[in-house]
Amino acid sequence: MKHFGKLLLAAVALAWTVGPAGAETVLKLGHVSSADNVYHKGALRFGERVKELTGGSVTVDSLCCAQLGNDVAQAKTVQLGAQDLAIVSSNNLAQFDPRIDIFSLPALFQDIPSAQKAVFGPVGDEIFENFRKATGMRVVYTTAWGSRSLINNKISIKKPGDLDGLLIRSPGSPVMNSTYKSFGANPTPVAFAELFTALQQKTVDGADMSPCDVLSLKYYEVQKHLTTSNLFTGFGMVVMNDKKFAKLTKAEQDAVLKAGREAGAYSWGLTAQCDMDGLAKAKEVGMEVIELAPAVRAQFFEAARGVWGKFEKRVGGRDLIDRLVKSSQ
């Protein structure tokens with residue numbers, strides 16, 4: 001067993017110092033999404049820019065489709081230093097530092113541009129720096145998988161009370177469970193891989209997801225109604241082992257961070273476009289698409305923000321939540 005451990009450390013060291021085509025540093029980046037997902041497209045753009053900005057002294061090998069394990073497993077491996085980077089959903093990083101679960105709270109941001117403004121701003125930087133100090137993982141850039149909408153087969157959701165009694169699929173997030181219970185809905189755990197079948201067989205009435213997912217995973221085939229509630233914005237954090245980052249030269253560090261900012265902006269743009277395409281496709285195939293007016297959305301947001309008090313201590317306090325929301329406006 002000790003011999004195996006020494007071999008593993010040697011292999012990790014070799015991967016760090018020697019790479020294809022004579023590159024001095026090869027960074028392994030993994031994620032669980034498919035090769036045509038926004039995560040992977042952003043990762044490829046990140047790799048392209050890292051190589052260009054470092055003159056090839058640093059390259060990025062992006063591995064999709066959970067080749068390196070699930071979200072949590074990859075984050076743990078990054079934290080231990082056996083993997084360089086991973087794209088992990090913010091809610092799955094909360095077990096490493098519960099304060100990062102601030103991004104799981106409902107009714108933070110009106111839309112993707114406002115969310116992007118917040119996470120790219122000084123309050124976002126503060127949250128990520130606290131996360132780095134607590135975990136040893138640096139957030140190199142953020143990506144997103146959409147402003148989540150409500151889809152269901154039973155009712156046109158036009159006001160908060162319409163959710164009463166609905167069986168809404170839950171990913172198991174305590175924040176999301178509390179939010180939908182506050183509307184009178186019944187959150188029901190269903191694995192994402194089983195969700196299409198569960199909706200098709202009416203095991204649950206509906207789900208909370210981005211229009212992008214409705215498009216790419218064809219949920220429009222098994223659902224009738226879509227409401228643009230925007231109660232949640234899905235975040236992916238591209239985390240890097242901070243000790244690995246420190247081993248780069250200053251010029252390489254700057255290049256990685258600049259590439260991250262550019263890849264992040266690119267990824268968010270792809271997500272925004274995919275959400276618009278998802279709404280267009282839903283309308284095209286005959287789904288009822290309800291785009292809530294600002295005044296009605298405000299009713300949803302007011303009701304959802306009632307759960308903040310339950311989680312504010314966990315995520316860093318009400319002042320931090322308020323400052324994050326203000327920074328998005």
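## The disulfide

The model shown here is predicted, and in it the count comes to 1 disulfide. Its two sulfur atoms, in Cys212 and Cys274, sit 2.0 Å from each other.

Where are the two partners, Cys212 and Cys274? Cys212 belongs to helix α9 (residues 211-216) and Cys274 to helix α11 (residues 250-284), so the pair ties together parts that are 62 residues apart in sequence. Cys212 is buried, because its relative accessibility is 10% and buried means under 20%. Cys274, with a relative accessibility of 14%, counts as buried too.

## Two further cysteines

Cys64 and Cys65 can be looked up next. Is Cys64 buried or exposed? With 9% relative accessibility, Cys64 counts as buried. Cys65 has a relative accessibility of 42%, so this residue is partly exposed.

## Two alanines with positive phi

Ala66 has a positive phi, near 60°. You can find Ala66 in the loop that runs between β2 (58-63) and α3 (71-80). Its relative accessibility of 34% makes Ala66 partly exposed.

Ala107 also has a positive phi near 60°. Look for Ala107 in the loop between α4 (90-93) and α5 (112-119). Is Ala107 buried or exposed? Ala107 has a relative accessible area of 0% and is therefore buried.

Ser210 is in the loop between β8 (206-209) and α9. The relative accessible area of Ser210 is 0%, so Ser210 is buried.

Which residues does Ser210 touch, not counting residues up to four places away in sequence? They are Trp145, Gly146, Ser147, Arg148, Ser149 and Asp275.

## The nonpolar cores

In soluble globular proteins, nonpolar side chains tend to be buried together. In this model, the largest nonpolar core holds 54 residues. Among its members, Leu93, Phe103, Leu163, Tyr180 and Val239 touch the most others.

Leaving out residues up to four places away in sequence, Tyr180 touches Leu150, Leu163, Ile168, Ala185, Pro187, Asp208, Leu231 and Phe232. Another core lies apart from the largest one and has 19 residues, including Val50, Met240, Leu248 and Val256.

## Arg261 on helix α11

Helix α11, which carries Cys274, is also where Arg261 lies. Arg261 has 49% relative accessibility, and therefore counts as partly exposed. Which residues are in contact with Arg261, leaving aside its neighbours within four places in sequence? Phe120 and Tyr141 are in contact with Arg261.

Arg261 and Asn186 are 75 residues apart along the chain, and 39 Å separates their C-alpha atoms.

## How helix α14 meets α6

Two packed helices are described by the angle between their axes and the distance between the axes. Take helix α6 (residues 122-135) and helix α14 (residues 318-327): their axes come within 8 Å and cross at roughly 140°. That angle makes α6 oblique to α14.

On the α6 side, the contact is made by Val123, Glu126 and Ile127, and on the α14 side by Leu320, Arg323, Leu324 and Ser327. Sorted by class, this contact of α6 with α14 has 4 nonpolar, 1 polar and 2 charged residues.

## How helix α14 meets α13

Helix α14 also packs with helix α13 (residues 308-315), at an angle of about 100° and with the axes 8 Å apart. How is α13 oriented to α14? The angle makes α13 roughly perpendicular to α14.

Trp308, Glu312 and Val315 of α13 make this contact with Arg318, Leu320, Ile321, Asp322 and Val325 of α14. The contact of α13 with α14 divides into 5 nonpolar, no polar and 3 charged residues.

Key. Residues are numbered from 1 along each chain as its sequence is written. This is a predicted model: local features need pLDDT of at least 70, side-chain atom pairs count only at pLDDT 80 or more; totals for chains, interfaces and linings use all residues. Side-chain values use heavy atoms; hydrogens and water are left out. Axes are lines fitted to C-alpha atoms, for helices over the stretch in contact, and angles run from 0 to 180 degrees between N-to-C directions. Helices (H or I, at least four residues) and strands (E, at least two) are DSSP runs, numbered from the N terminus. Angles under 35 degrees count as roughly parallel, over 145 as roughly antiparallel, 65 to 115 as roughly perpendicular and the rest as oblique. Contact means heavy atoms within 4.5 Å. Ala, Val, Leu, Ile, Met, Phe, Trp, Tyr, Cys and Pro count as nonpolar, Asp, Glu, Lys and Arg as charged, and the others, Gly among them, as polar. A nonpolar core is a set of buried Ala, Val, Leu, Ile, Met, Phe, Trp, Tyr and Cys residues joined through side-chain atoms within 4.5 Å. Buried means under 20% relative accessible area, exposed over 50%, partly exposed in between (1.4 Å probe, protein chains only). A disulfide is a pair of cysteine sulfur atoms within 2.5 Å.
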